[in-house]
Amino acid sequence: MSIWWSLHLRREAASVPLARRLLIGTMETAGVDPDISFDLSVALSEACANAVEHGGDDEPGGPSEAYRVTAYLDGERCRIEVADTGPGFPAGAAGAGVLPPAPQAEAESGRGLCLIRELADHVHIGGTPGRSGSVVSFDKILKWREDTPLVAV
């Protein structure tokens, strides 16, 4: 079984739960284990929140008013990609997959990328060659409910 979808969303806080609900609904319909669905939905929420907060220069009418979310459920793996048109990661950080230092316990921000790394099996942080912006992609091996109607073959 293979399912994929892509969303072009405004950089507004209301877009985050929309993407999360679509992912949860897709995985529930496909029969993915609820714990795996929850982990991926939290990671997606963090990636979307980062795109909303950091994904552009807020120029009215410009391409930075939006970001893209793509999800692939293919065989035994789910891959999610969140791409924006913001300033990107600092030089050297994205390509090497280097995360900023872990935030202090009392910090109110800076935990998103660390949380994504904890919840997913593989994470890639970078950009798209020839374009500005950031791409955060992550994947996880799927587990299925016992009553799954759409089991991957």
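Select helices α2 and α3 to begin: their crossing is left-handed, a term that applies when the near helix is turned anticlockwise from the far one by less than a right angle. The model is predicted, with pLDDT of at least 70 needed for local features and 80 or more for side-chain atom pairs, while totals for chains, interfaces and linings use all residues. Residues are numbered from 1 along each chain as its sequence is written, and side-chain values use heavy atoms, without hydrogens and water.

**The helix pair.** Two packed helices are described by the angle between their axes and the distance between the axes. Here α2 spans residues 34-54 and α3 residues 112-119; their axes come within 9 Å and cross at roughly 155°. The two helices are therefore roughly antiparallel to each other, the class for angles over 145 degrees on a scale from 0 to 180 degrees between N-to-C directions. Axes are lines fitted to C-alpha atoms, for helices over the stretch in contact. Helices (H or I, at least four residues) and strands (E, at least two) are DSSP runs, numbered from the N terminus.

D39, V42, A43, E46, A47 and N50 in α2 face G112, L113, L115, I116 and L119 in α3. These residues divide into 7 nonpolar, 2 polar and 2 charged; Gly counts as polar, and Asp and Glu as charged.

**The sheet.** Now select the strands. An open sheet is formed by 5 strands in the order β1-β2-β3-β5-β4, with antiparallel pairing; strands pair if DSSP finds at least two bridges between them. Strands β1 (2-10) and β4 stand at the edges with a single partner strand each, so one side of each has no neighbour in the sheet. From one strand to the next, the twist averages 10°.

Move to β5 (residues 135-141), where 6 of the 7 residues are buried, that is, under 20% relative accessible area with a 1.4 Å probe, protein chains only. Strand β3 (residues 77-83) pairs with β5 over 7 bridges, and β4 (residues 122-126) is joined to β5 by 5 bridges. Pick F138 in β5: this residue is the bridge partner of I80 and also of V123.

**Helices across the sheet.** Helix α1 (residues 15-30) lies across β1, β2 and β3, at about 170° to β1. Helix α2 lies across β2, β3 and β5, at about 180° to β5.

**Last stop.** Select Y67 in β2 (residues 66-74). Y67 is buried, with a relative accessible area of 1%. T85 is 18 residues from Y67 in sequence and 7.0 Å from Y67 in space, C-alpha to C-alpha.

Definitions and conventions: Angles under 35 degrees count as roughly parallel, over 145 as roughly antiparallel, 65 to 115 as roughly perpendicular and the rest as oblique. Contact means heavy atoms within 4.5 Å. Buried means under 20% relative accessible area, exposed over 50%, partly exposed in between (1.4 Å probe, protein chains only).
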